[in-house]
Amino acid sequence: MRIKVMKSLMESPKNAYGLSCSLGVNYRTIEHHMKVLLSNNFVVVQGEGYGKVYFPSPTLINNIKIFQETLAAAGIKWDP
């Protein structure tokens, strides 16, 4: 699920509701995964409350090749 979230955010920044709709999962599920992604510096957030918009972090963007290699080693194809 976190990979799907990151892929979606690489396409365009979204709020939790937008992510839940585009990925077809519960809003609470998105909130849980966003906390994990934020704490591990994969995403950043701007705004507050329902206005929070999530973006890929500069760390993720700067290391996208390493991330893609890691996914490939796990058998997951991702070409943003």
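Me: Let's start with S20. Leaving aside its neighbours within four places in sequence, what is S20 in contact with?
Reply: S20 touches V25, N26, Y27 and I30 once those neighbours within four places are set aside. Keep in mind that this is a predicted model.

Me: OK, and where does S20 sit? Is it buried or exposed?
Reply: S20 belongs to helix α2. With a relative accessible area of 7%, S20 is buried.

Me: Which residues of α2 are buried?
Reply: In α2 the buried ones are A16, L19 and S20. They span an arc of only 100° around the axis, and that places them on the same side of α2.

Me: Why would residues a few places apart point the same way?
Reply: An α-helix has 3.6 residues a turn, so residues three or four places apart point the same way.

Me: Nice. What covers the buried residues of α2?
Reply: The cover includes α1, α3 and β2.

Me: Tell me about A16 then. What is A16 in contact with, neighbours within four places in sequence aside?
Reply: A16 meets Y27, I30, K52 and Y54 when you skip those neighbours. A16 lies in helix α2 and is buried, with a relative accessible area of 7%.

Me: How far apart are A16 and Y27?
Reply: In sequence, A16 and Y27 are 11 residues apart. In space they are 6.6 Å apart, going C-alpha to C-alpha.

Me: I30 came up for both residues. Which residues of α3 are buried?
Reply: I30, H33, M34 and L37 are the buried residues of α3. They cover an arc of only 110° around the axis, so they sit on the same side of α3.

Me: And what's exposed on the other side of α3?
Reply: Over there you'll find R28, K35 and S39 exposed.

Me: How many residues does α3 have, and how far does it reach?
Reply: α3 has 13 residues. From its first C-alpha to its last it reaches 19 Å, which is close to the 18 Å expected at 1.5 Å a residue.

Me: Switching to pairs of helices. At what angle do α1 and α3 pack?
Reply: Helix α1 (residues 2-11) and helix α3 (residues 27-39) pack at an angle of about 80°, and their axes are 10 Å apart. The two helices are therefore roughly perpendicular to each other.

Me: Which residues make that contact?
Reply: From α1 you get R2, V5, M6 and L9, and from α3 there are I30, H32, H33, M34, V36 and L37. Sorted by class, the contact of α1 with α3 has seven nonpolar residues, two polar and one charged.

Me: New topic: loops. What is the phi of N41?
Reply: N41 has a positive phi of about 65°, although N41 is not a glycine. You'll find N41 in the loop between α3 and β1. N41 is partly exposed, with a relative accessible area of 38%.

Me: Where is S57, and is S57 buried or exposed?
Reply: S57 is in the loop between β2 and α4 (58-62). S57 is buried, with a relative accessible area of 0%.

Me: What is S57 in contact with, apart from neighbours within four places in sequence?
Reply: S57 is in contact with N41, F42, V43 and V44.

Me: Last one: how far is S57 from V45?
Reply: S57 and V45 are 12 residues apart in sequence and 8.7 Å apart in space, C-alpha to C-alpha.

Definitions and conventions:
Residues numbered from 1 in each chain as written. Predicted model: local features only at pLDDT ≥ 70, side-chain atom pairs only at ≥ 80, totals over all residues. Heavy atoms only, no water. Axes fitted to C-alpha atoms, helices over the stretch in contact; angles between N-to-C directions. Helix = DSSP H or I, 4+ residues; strand = E, 2+ residues; numbered from the N terminus. Parallel < 35°, antiparallel > 145°, perpendicular 65-115°, else oblique. Contact = heavy atoms within 4.5 Å. Nonpolar A, V, L, I, M, F, W, Y, C, P; charged D, E, K, R; others polar. Expected span 1.5 Å × (residues − 1). Buried < 20%, exposed > 50% of the residue type's maximum accessible area, 1.4 Å probe, protein only. Arc of directions from axis to C-beta.
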